[in-house]
Structures are given as C-alpha cells and as structure tokens.
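Hi,

Here is the structure I said I'd pass on. Have a look at it first, and then read my notes on the pockets below.

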Amino acid sequence: MVPGTFGALVPAEGDWIEPEVLIVPLLAFDRRGYRLGYGGGFYDRTLEALRARGPVTAIGFAFAAQEVDEVPIEATDQPLDIVVTDKGILIPGG
C-alpha cells in the first residue's frame with residue numbers, strides 16, 4: 001500500500017476500478033439530499049471527480065432522527081441520490 005491522492009493508503013499496483021455506487025457516511029441529512037459528514041471533504045471531492053466521468057449513485061444510511069431542516073452547504077458539497085433510514089427511503093427531488 002502507498003499513500004494516495006488524499007493521503008489514504010491505496011494499492012501500489014493492480015487494475016483500478018471506478019465505482020458506480022458509493023455508500024457515503026453522514027452525521028445528518030436534509031430533504032435536498034445534502035449531508036453533514038465527518039469533515040475533510042474526501043467524499044465530496046471523490047464524488048465530484050467520479051461524477052465528472054459518468055453517472056454515480058451516492059447512498060447514505062441513517063436513522064430518521066438524523067434528518068435536519070437544512071444542512072449548511074458549500075459550493076463543493078455533493079448531494080446524495082438516496083437516503084435510506086429506519087422509516088423509509090428518501091429520493092431527493094424524486
């Protein structure tokens with residue numbers, strides 16, 4: 001393993017794959033599909049780069065109690081496509 005672009009360890013060699021579906025961690029979410037993460041912006045930058053190459057579905061898993069009225073966002077934040085909670089499935093804009 002060697003340090004990758006964002007400092008995370010990645011395989012030193014081998015074929016690269018680009019995911020079409022990502023499970024994205026979150027602390028809170030809103031009905032627009034935005035999430036409050038754990039800081040650092042790693043998932044947002046990764047999603048932005050992957051989405052620039054093609055369709056990618058970002059899914060967050062949370063408890064319904066983690067929903068807030070509005071997550072503060074910045075220009076670099078990427079929305080989730082689906083949020084799965086113990087009370088149901090939210091598809092923002094759907």
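**What I found in the pockets**

Two elements, β5 (35-36) and α1, each supply at least two residues of the lining of the second largest pocket. Helices (H or I, at least four residues) and strands (E, at least two) here are DSSP runs, numbered from the N terminus. A pocket is an open set of points on a 1 Å grid over the protein atoms alone, where a 1.4 Å probe fits, with protein on both sides within 12 Å along at least five of seven lines; lining residues have an atom within 4 Å of a point.

Before going on: this is a predicted model, where local features need pLDDT of at least 70, side-chain atom pairs count only at pLDDT 80 or more, and totals for chains, interfaces and linings use all residues. Residues are numbered from 1 along each chain as its sequence is written, and side-chain values use heavy atoms, with hydrogens and water left out.

Back to that second largest pocket: α1 gives the most to its lining, with 4 residues. It holds about 300 Å³ of space (the volume filled by probe spheres set on the points, which are joined across faces, edges and corners). Of its 17 lining residues, Arg-35, Gly-37, Gly-39, Gly-41 and Asp-44 are the closest to the centre.

Now the largest pocket, at about 590 Å³. It is lined by 17 residues, and Thr-5, Phe-6, Val-10, Trp-16 and Thr-46 are the closest to its centre. Here too α1 has the largest share of the lining, with 6 residues.

Cheers
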